[in-house]
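Look at the structure first, then read the points below.

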Amino acid sequence: MIVTFYSYKGGVGRSMALVNVGEILADIGYDVVLCDFDLEAPGLEQYATDAREDVASLRAQRGVVDLLEEYKDLLADPEGPGAEPAGPASDFKDFSGLPLRRPSSYATVVRSQNPNRLGRLRFLGAGARDEERATCYSESVRGFDWPDFYDRWAGAAYLDFFREDLTTGQSIVLVDSRTGVTEHGGVCTHHLADVVILVSAPNTLNIEGTRWMANLLATADLATLRQGRPLQVLPVAGRVETSAEVEELDAFRKRFLAEFAATVPPAAGNGRAFVEDTEIPYIPYFAFTEKVVARETNTTHRELLSAYRSLTQSIVNVGLDAGLLDPPKATNWADEMQLQRADQERRAIFDRHRRWLETGHESGERAVLRGRDFSRQELTGVDLSGADLTEANFERANLRGARFVEATMTGAVLRGAQLDRADLSAAILKDAILTGAILPGAKLDASDLKRADLAGADASGASFRGVNLASAQLGRANLHGCDLTGTDLTGARLVGTDLGSAILNATTGLVASELARATVDDATQLPGEMRPGARRSPGPATADPATAGVVPVSAQLDHPALSEDFRFLDERLVPQLSSFNARVGAATRSLRFLYAVVIGYAAAAVVLAAEVDHPLFGNRSPAPSGLAWAAAGVLGASGLAIALLLLPAYRRLGARRAALQRAADRLRAEYFLFLGRIGGYGDPGQRQNILQERIKTITQEGLLP
Amino acid sequence: MTARQDDFLALYARYRVDRSLRENDERARRARARQAWLILSAAVLFGAAAAAEVLAAAKVAVVIGPALAVACAVAGLALIAGVVASAPDGGELTRVRDETDVALARLIGSRPGPDAGDRDVADWVRRVETVLGQADPGPDPAVPS
């Protein structure tokens, strides 16, 4: 079986992948030949062994170019000196009556440091390139005419001989092909290969080049030329930087899957799984030297080794399926791979849940996290399916898109938690507290919410199909547009619940008196025996930033990234701000009272003066002129006295209110200044210290008489 | 710019800048109303007094009836109330409001971009707070270690 490793561009980790796969195959019992067919840029020997002296030795060994030259020499002069076999007879084979050197005779066994290796690794270089023969090698490569070789030298027949000889005894030959579009690259991919590994780096040029090659290898003409010999293609993403640029990485993965998942042969398993499992991560440690992770014992780069192992397993599976290979000598190979896969999955889970699993108990997929506190945590997209989360605290945690499928969450606290688009299907949420939780678009199908408290929760558009809501508190919950088909609502409280546009078909336990306390609209689908109530749905409520506090709770939930800061501010600053706002309100009321006193007295004086001067009420005669003037004088003097007395008080109170208002405004500004100083200090605690100092200063200044 | 900073800026614009602008508008509207009240009251009071002077000079017999007396008294009180209530200068407040709005609009237009660091965001917030005149710029943050 010949496996050709091809990449459209260089530097994608092709040779590295080849050698790692070779090491693993040899370890599990296969006879592996690493063949350097990258004739113009040879150097696979650097990867084939760690020992420097062995590298020099392998470089001096004859290889592909020497074989081709010897073959041509033999054909050119069958009677010449080259026709005489030089070496053991076993190194030669009859080829149309000529003693032709077997390519395998130039394949040198590479020493292994693995004492448990069940197979062997051999190396067939590009050609002898030690100091003496380097020039000769270059000239041979430059002067080699592949079309001429095929047309005039029966090149196709020789390469068939080459292939058959190297694969004798079910050896696996791993061919390192030339990149791009070259003649001998085509020999490797089109002629020699049974399987082509297309390694692509995560950029457009590589993807398009790989796509182009995949298309070429799938043409009907090639199948004819190969006389029906099957050719499988395995696309592998290489040199993938997984630790940064999340969006770009995600886009690349999606594109790679879309482009190549369908080209993966069935024997290699599911296309998506193959592409994901064999993605070779970029690890800088391996970028500087030719270190081979498969040779390292107890490597810490398990994800890299895992990718190579997955690729190896797929190659073996394809070979077994095509009848080109026997099962590996390592009988526990499949078990090992399965264990490795399980380990990989556990590690993936661990990485996802690292935050708490590092300090807690971890038992694979079914994490036991009873009573753990995840309040205000950033847990977007977390997968806790099947986990035991009994009485866990998720208060105000961000759980958008999280998965809790079949999780046990009895008595869990999800107050104010952000659960939009979360999947809680078949979860056990008995007695759970979901007051004020945000669940738009969440999926709770077949979950158990018996006696759960969903008061004030926003679950618009959520799916509650077949849910047990018996004795649940749904008061003021927003269930606008929810699908409640088949739910059990026995004893559920529906005071002020918004059931506008909700689907309540086939529900059980719903009574008319309780339904009448909820709001429904014409679009609400009720069970057959129910009739829509008279109350209209107000629709989803929206927060009004103008009337809310400094930042409404809804905004804080919208921006959970700042939740820690919000908590600090809630505890330290907001009480002071509320206090100042209350003082400003009190001062304003006092001012209004004084204003009302002045205006009221003035109005009363005017009416009294008019009454004295010219009676408005009753039929008595006007007061004598002297008395009228006296009354006017008294009223004027008292008015003036009141004005003189109250005006300074009014001004003082006005100034006081302005000072309080200024302090409140400064505190409000500090609220945002604190948030805006994120990262502005080397020591994050300094930010909090500064805020506390400033609150103290502002409070003292604001309260000065 | 991190998602955290982006969150913060959205929040800040919504609850700090927008709110301040709304409050500015409200204060300026009240100031204009007080100004109009003051002018109207003064015109009525002094207009009536001037008319009375003219009539007296013309030797026309003037009888201050209760209606006129009440009207004059009300106008006088209104003038006093207006003076008290309009302690801040409405025109000045409006001008400051306009300047603030222009400065804020300019600052909103120069919000930290995608390449901004934490320090840029903090500086930008401080500039906005300075424009709003409601917070001291405070000490310069120490250079992050």
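A crossing of two helices is left-handed if the near helix is turned anticlockwise from the far one by less than a right angle, and right-handed if clockwise. Helices (H or I, at least four residues) and strands (E, at least two) are DSSP runs, numbered from the N terminus. This is a predicted model, where local features need pLDDT of at least 70, side-chain atom pairs count only at pLDDT 80 or more, and totals for chains, interfaces and linings use all residues. Residues are numbered from 1 along each chain as its sequence is written, chains are lettered from A and ligands numbered from 1 in the order in which they are written, and side-chain values use heavy atoms, without hydrogens and water.

**H18 and H21 of chain A**
- Two packed helices are described by the angle between their axes and the distance between the axes.
- Axes are lines fitted to C-alpha atoms, for helices over the stretch in contact, and angles run from 0 to 180 degrees between N-to-C directions.
- Helix H18 (residues 563-572) of chain A packs against helix H21 (residues 684-702) of chain A at about 25°, with axes 12 Å apart.
- H18(A) and H21(A) are therefore roughly parallel (angles under 35 degrees count as roughly parallel, over 145 as roughly antiparallel, 65 to 115 as roughly perpendicular and the rest as oblique).
- H18(A) passes H21(A) in a right-handed crossing.
- In the contact (heavy atoms within 4.5 Å), H18(A) supplies A:Asp565, A:Phe568, A:Leu569 and A:Arg572, while H21(A) supplies A:Arg687, A:Gln688, A:Leu691, A:Gln692 and A:Ile695.

**H1 and H13 of chain A**
- Helix H1 (residues 14-27) of chain A meets helix H13 (residues 302-322) of chain A at an angle of about 70°, and their axes are 9 Å apart.
- H1(A) and H13(A) are therefore roughly perpendicular to each other.
- Their crossing, H1(A) with H13(A), is right-handed.

**H4 of chain A**
- Why does the span of H4(A) agree with expectation? At 1.5 Å a residue, the 13 residues of helix H4 (residues 64-76) of chain A should span 18 Å, and its end C-alpha atoms are 18 Å apart.
- The expected span is 1.5 Å times one less than the number of residues.
- Buried residues (under 20% relative accessible area; exposed is over 50%, partly exposed in between; 1.4 Å probe, protein chains only) in H4(A) include A:Val64, A:Leu67 and A:Tyr71.

**Chain B**
- Chain B has 4 helices and 0 strands.
- Of its 145 residues, 31% count as buried in chain B.
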